[in-house]
Amino acid sequence: MFTFKLIFILCIFCIGVKVCRSGIRTLIVENIFNNKVVLDNLLTEYGHSTSALCSIVCQQETCECFGFNSITKTCRVHAFCRTDNTLIEESGWKYYRSRAEWDTFMNSEYLLNYTVITWSVAQANCMIKGSKLAEIESPEENDYIMSLVMKLTENVWLGGTDQDKEGSWVWQSTKEPLSYKAWATGYGEPDDYNNQDCLCVYRPYGLNWSTCQCWELLQYICERELFN
């Protein structure tokens, strides 16, 4: 009987430690909305909660943001939140967005992804997080992105493509032409060898842009805007 009780107590302790650690990780957040409810991208909603439990559920649901109403004790967990979300005024709500894994530079945040996948799947994965494949618009941002590339281990996808019109490179999220470029011109980039229609950083060419076949398996960097 003593052994059973001891094992039971140890199990409860381990579960408690796991939950506490989970809560600590998810509480690295920023407050983004007050007295407003987000209607978009809802994963789950439940009552009789606390803000700490809400953050733990957010982590378990792999969400990017959550809201807690201190008046009604209601928790809402969302896949992601953005500045253009549909909002309704309602007292008591505070919304938070996770920042634990994102790196900040100027007006954007960036997420490193070590899994190797195709360009279109990488774009879709970023969209699920309320972001996009990184789009570089200045020499300063390019230098910063390349410092992130150095933390990865493979070639890296960026958000440019000329799939719609050969030779007309645009950023996928806006369809706008590239206003800044950092092609590996010493290696003949950009080229269209074997239908290379997606923008990447190809390590053998140094920290410069290259064209890659969109079905290749590369690591990638997501970008999302900061909340002001």
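Biologist: What ground rules apply to the model?
Modeller: Residues are numbered from 1 along each chain as its sequence is written, and side-chain values use heavy atoms, leaving out hydrogens and water. The model is predicted: local features need pLDDT of at least 70, totals for chains, interfaces and linings use all residues, and side-chain atom pairs count only at pLDDT 80 or more.

Biologist: How many salt bridges does the structure hold?
Modeller: A salt bridge is a side-chain nitrogen of Lys or Arg within 4 Å of a carboxyl oxygen of Asp or Glu. One of them joins Glu-30 to Arg-97, with the closest N and O atoms 3.2 Å apart. The structure's count is seven.

Biologist: Is Glu-109 buried or exposed?
Modeller: Buried means under 20% relative accessible area, exposed over 50%, partly exposed in between (1.4 Å probe, protein chains only). Glu-109 has a relative accessible area of 0%, so Glu-109 is buried.

Biologist: With which side chain does the side chain of Ser-173 make a polar contact?
Modeller: A polar contact is a pair of N or O atoms within 3.5 Å; within protein, one must be able to donate a hydrogen and the other to accept it, and residues adjacent in sequence count only if both atoms are side-chain atoms. At 2.7 Å, the polar contact is with Glu-135.
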